[in-house]
Amino acid sequence: MRTRPALALTAVLALAALTACGSGGEGDDAEESTLTVLAAASLTEAFTEIGERFEAEHDGVAVEFSFAASSDLAAQITEGAPADVFASADQKNMDKVVEAGAAEDPRPFALNQLVIAVPEGNPAGVAGLADLAGLDFAACAAEVPCGAAAQTAIDASGTALTPVTFEADVKSTLQKLTLGEVDAALVYRTDAIAAQDEVDAVEFPESAEAVNTYPITALADAAAPDLAAEFTEYVLGDDAWAVLETAGFQRP
Amino acid sequence: MPAKRNRQRRRVPAALLVPAAAGLAFLILPLAGLLARAPWTELPARLAEPAMLDALRLSLVTASLATALSLLFGVPIAWLLARGDFPGRSLLRALVTVPLVLPPVVGGVALLLVFGRSGIVGTWLHERFDVTIPFSTTAVVLAMTFVSMPFLVVSVEGALRGADVRFEEAAATLGAGRWTVFTHVTLPMIAPGVLAGAVLCWARALGEFGATITFAGNFPGRTQTMPLAVYLALQSDLEAAIVLSLILLAVSVAVLASLRERWTAVA
Amino acid sequence: MSTPGAHGLDAHLVVDRGTFRLDLRLQVAPGETVALLGPNGAGKTTALRALAGLEDLSEGHIALDGVVLDGVVPDSAVPDGALPDRPRGGARWVPPEHRRIGVVFQDYLLFPHLNAVENIAFGPRRRGLGRAEARALAAEWLDRVGLGDFGKRRPGQLSGGQAQRVALARALATDPALLLLDEPLAALDARTRLDTRVELHRHLAGLAGPAVLVTHDPVDALMLADRLVVVEDGRAVQEGDGESVTARPRTDYIARLVGLNLYRGTASGRTVRLASGEVLATAEALEGDSFAAFPPSAVALFRTEPDGSPRNTWRAVVAGVHRHGDHLRVQLDGPIRATADVTPAAAAQLGLEPGQEVWAAVKAAEIRAYPA
């Protein structure tokens with residue numbers, strides 16, 4: 001009878017130890033300071049590089065990213081997840097964070113616009129939104145920013161286009177194209193550029209009606225407020241802009 | 001005195017009770033969290049939303065079709081695994097359970113690679129019959145069947161292994177051929193196992209998300225099942241998502257409970 | 001259709017399982033019931049399963065009323081079979097469902113999801129009867145086994161004896177050409193067993209075809225069967241009617257079953273020399289390899305060497321004493337191992353206890369000798 005509770009206790013302790021390792025590992029080192037940045041999934045490639053450049057310029061600083069849907073990140077922040085900087089893919093989710101008192105004074109650092117992604121070589125000869133009539137195309141669902149933008153652009157074009165699927169995020173929208181299931185996909189220019197080996201991006205005028213603004217802010221509960229402010233400035237600076245421009249973003 | 005002793009004997013041992021209680025708390029507390037957070041005043045309005053009703057109806061219909069397909073193909077598979085005598089049987093058994101461990105999203109991609117517009121089977125279907133499966137209700141049913149059939153196969157195979165083959169032999173001596181033995185003796189005798197498998201299968205199909213959204217996409221009224229609607233609602237409106245989840249939960253529990261009642265009434 | 005003299009069952013059952021080999025020849029005439037009697041693991045049930053088609057023959061054949069059901073048989077011996085057959089490696093093999101063989105299984109194997117009438121109607125339905133006809137026939141059979149009011153009961157709601165009767169009715173309702181019974185009474189308690197045995201005997205006596213009964217109970221075998229085949233280790237070791245088998249056992253197993261002390265030796269006139277060197281005086285004169293047998297009641301025990309001429313006497317040691325009916329059964333060790341039955345009074349007088357030395361005596365007239 002004695003061994004069984006002992007076993008259970010061991011399991012609980014092991015679990016506790018794992019948890020402790022996960023959260024406190026780096027904190028022990030006084031030399032190194034860590035900056036935790038929550039950033040929209042569409043910023044993955046650009047921010048990873050910006051983070052490396054920032055680390056190179058700041059000795060003893062490690063930047064850790066958590067990339068996810070802006071809405072998920074906003075929910076995490078308002079529920080009290082510890083983080084220093086939040087970079088959102090839209091104003092709406094940033095507003096939620098500001099309203100919750102978790103941040104103030106967000107600043108736009110990049111714009112993103114929709115393009116029509118088509119298979120390499122543009123076999124269907126798509127030149128604008130109107131050409132999507134009669135084609136199977138994918139777009140994001142209205143609940144997520146890229147979907148809201150797509151709907152705005154379609155409305156602006158005066159056409160009654162309906163995609164065959166309303167995807168949950170821009171990556172899976174693009175995936176439907178790269179898997180060959182659709183003839184076109186309404187995605188951000190940055191996503192089309194990231195996949196330029198497989199797809200071509202067709203610009204269309206109506207996308208100007210649905211420009212997406214990316215705001216960034218240091219969070220109120222930041223563990224390293226100075227560093228958070230410094231990183232935010234860095235993202236707004238020219239060095240970071242070079243990276244963002246390559247990725248297909250536009251300057252606000 | 002005897003009554004007291006009886007009660008003592010029936011008492012659940014603490015070594016079982018404690019982990020059972022902890023486990024139950026772990027299973028039930030998240031549900032309680034949803035209930036506590038639910039905006040009850042919004043419920044009537046949500047229930048009347050045609051989009052919600054579409055998603056709910058689509059979920060119930062497709063999960064039931066997936067269960068029917070799983071029964072149609074899964075029971076014979078289970079029979080083959082339990083009774084078949086051929087090389088590579090254990091490998092086959094492992095393969096059948098692959099969808100259980102495969103992340104559903106990967107399952108969805110795999111289905112696209114086969115049944116998609118440029119997939120092996122998909123191309124043929126498209127050229128031959130002008131049929132495209134992705135983004136259709138058929139795709140929803142296929143995705144659900146893919147992830148939920150293993151639950152049925154595993155349950156039914158277990159039931160078949162537990163069944164006494166001597167009853168089948170008795171039936172044979174009474175003049176029943178192999179098919180009649182299967183339909184008139186084996187199947188009725190393993191019915192509880194088949195039902196348990198079908199319930200598991202249906203429940204899994206009803207909650208299916210990853211493979212569905214990948215393979216069938218998301219189109220309201222056609223491929224948007226409740227879990228997809230919940231996930232998308234979650235992107236913009238947490239409380240709406242909770243309400244939708246609770247509706248899905250309530251309906252599935254009601255269906256399963258009534259099924260159980262009917263079953264036990266018959267048996 | 002079938003050749004004259006080919007009626008009944010003619011089988012040579014060989015089932016080879018590596019460590020175990022069944023090799024049994026069996027002929028059962030129409031209307032005859034043969035009991036396969038033997039200890040557990042002797043291969044009786046395997047033989048029954050082979051007859052029913054539930055076990056493959058390694059060699060040999062099974063022919064029922066002149067029709068080959070299994071095995072290779074010379075063409076001349078094969079009449080135009082009315083039953084469908086499936087060639088299997090050049091041999092004929094009729095699957096169980098086409099053999100017209102009724103089986104009563106050891107624990108009955110009544111289908112738990114069907115009630116008594118449905119269980120009995122199962123066979124007739126498979127043989128092509130309509131639902132209503134099959135049910136009517138089943139109800140008739142239920143009446144015949146005295147369970148007319150139990151048709152709606154599920155097997156779980158029947159007593160052991162009732163289930164046995166339903167199982168018998170189920171097997172007979174298909175009008176089988178051969179009836180097989182596997183330990184039909186083994187699962188019953190003593191009281192039910194008595195009644196059920198009488199009724200089973202009635203049904204077996206009324207049967208037109210052959211019947212084979214498997215049992216390890218000599219009483220069942222003696223009361224139900226016309227002929228006994230004693231099976232040990234896969235082989236028939238003795239065959240005959242009840243009287244000859246019980247009177248002249250040829251193996252220790254039978255001797256124990258019928259309660260006889262049995263020895264093997266070489267006869268010369270009215271004596272049999274046992275393998276141990278001891279010599280038994282017997283009533284009958286015989287020459288050569290023989291058995292000698294006597295019942296435990298023929299053994300008398302004494303404290304001192306008894307007098308009297310026509311007796312075999314030897315010194316023995318009491319190995320054990322236990323109750324056996326209204327007397328005591330004494331196990332004796334010594335040059336001749338034997339069991340002796342004594343009255344409680346005699347035992348008290350002798351003060352029998354394990355380890356004690358006694359003199360054993362058997363009259364020559366009580367010892368039966370017969371050729372091995």
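Trainee: Two strands count as paired if DSSP finds at least two bridges between them, so which residue of β19(C) stands opposite C:Leu301?

Mentor: Keeping in mind that this is a predicted model, the residue of β19(C) that stands opposite C:Leu301 is C:Ala360.

Trainee: Ok, and how many bridges join β15 of chain C to β19(C)?

Mentor: There are four bridges between strand β15, residues 299-302 of chain C, and β19(C), and the two strands run antiparallel.

Trainee: What about β16 of chain C, how many bridges join that one to β19(C)?

Mentor: Strand β16, which covers residues 311-324 of chain C, is joined to β19(C) by seven bridges, again in an antiparallel arrangement, and here C:Trp314 stands opposite C:Ala360.

Trainee: Switching topic, why is C:Val68 buried?

Mentor: C:Val68, a residue of strand β5 in chain C, is buried because 22 other C-beta atoms lie within 10 Å, and the cut-off is 20 or more. The C-alpha atoms of C:Val68 and C:Trp93 are 7.9 Å apart, although 25 residues separate the two along the chain.

Trainee: And how many residues do chains A and B put into their contact?

Mentor: Chain A contributes 16 residues and chain B contributes 17 residues. On the chain A side, β7(A) gives the most, with three residues, and that side divides into eight nonpolar, three polar and five charged residues.

Terms used:
Residues are numbered from 1 along each chain as its sequence is written. Chains are lettered from A and ligands numbered from 1 in the order in which they are written. This is a predicted model: local features need pLDDT of at least 70, side-chain atom pairs count only at pLDDT 80 or more; totals for chains, interfaces and linings use all residues. Two residues are in contact if their C-beta atoms, placed from the backbone, lie within 7 Å. Ala, Val, Leu, Ile, Met, Phe, Trp, Tyr, Cys and Pro count as nonpolar, Asp, Glu, Lys and Arg as charged, and the others, Gly among them, as polar. A residue is buried if 20 or more other C-beta atoms lie within 10 Å of its own, exposed if 12 or fewer, and partly exposed in between; C-beta atoms are placed from the backbone. Two strands pair if DSSP finds at least two bridges between them.
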